[in-house]
Amino acid sequence: MENNIKHDVDQAQTSKGLVLAGEVVSDKMDKTVVVRVLSTFTHPLYGKIVRRYKKYKVHDEQNQARVGDKVEMVKTKPFSKTKHMKLVKIVENAA
């Protein structure tokens, strides 16, 4: 059975779980980066496009992501109280 649901560019569903894309805003912790994910939607009444940001703590085993990098992450089992995502790949390095 195939779903005809259009996914946002920043969000997709895979066999591994929820995959999100975002920008690294902090890399000061050991093996953890903070990633800001943008989600946009149209306001139901006014029709204006609204931007919402959410920050996720992401497990980065090799400490390879830096501030400004564009990354992809996947939802996994909890690593800690607030860390439930794992770094999949760095899409674009910061200039």
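Okay, let's start with a term: a polar contact is a pair of N or O atoms within 3.5 Å, where, within protein, one must be able to donate a hydrogen and the other to accept it, and residues adjacent in sequence count only if both atoms are side-chain atoms. Keep that in mind for later.

Some ground rules. This is a predicted model, so local features need pLDDT of at least 70 and side-chain atom pairs count only at pLDDT 80 or more, while totals for chains, interfaces and linings use all residues. Residues are numbered from 1 along each chain as its sequence is written, and side-chain values use heavy atoms, with hydrogens and water left out.

Now the overall layout. The protein has zero helices and six strands; helices (H or I, at least four residues) and strands (E, at least two) are DSSP runs, numbered from the N terminus. Along the sequence, that reads β-β-β-β-β-β.

How do the strands pair? Two strands pair if DSSP finds at least two bridges between them. E2 and E3 are antiparallel, with four bridges, and Glu23 has Arg36 in E3 as its bridge partner. Two residues sit between the strands of that hairpin, where Lys31 takes a positive phi near 60°. E3 also pairs with E4, residues 49-59, again in the antiparallel sense, over eleven bridges. There, Val37 is bridged to Lys54 in E4. This second hairpin has six residues between its strands, and Gly47 in the turn shows a positive phi of about 75°.

On to the inside. Buried means under 20% relative accessible area, exposed over 50%, and partly exposed in between (1.4 Å probe, protein chains only). Buried residues are 24% of the 95 in the protein. A nonpolar core is a set of buried Ala, Val, Leu, Ile, Met, Phe, Trp, Tyr and Cys residues joined through side-chain atoms within 4.5 Å. The largest one here has eleven residues, including Leu20, Val35, Val71 and Leu87. E2, E3, E5 and E6 each supply at least two of its residues, and E3 gives the largest share, three. Take Val71: leaving aside neighbours within four places in sequence, its contacts (heavy atoms within 4.5 Å) include Leu20, Val24, Val35, Ala65 and Leu87.

Which residue does the side chain of Asp30 reach? The side chain of Asn63, at 3.1 Å. Asp30 lies in the loop between E2 and E3, and Asp30 is exposed, with a relative accessible area of 60%. Asp30 and Asn63 are 33 residues apart along the chain, yet their C-alpha atoms are separated by 7.1 Å.
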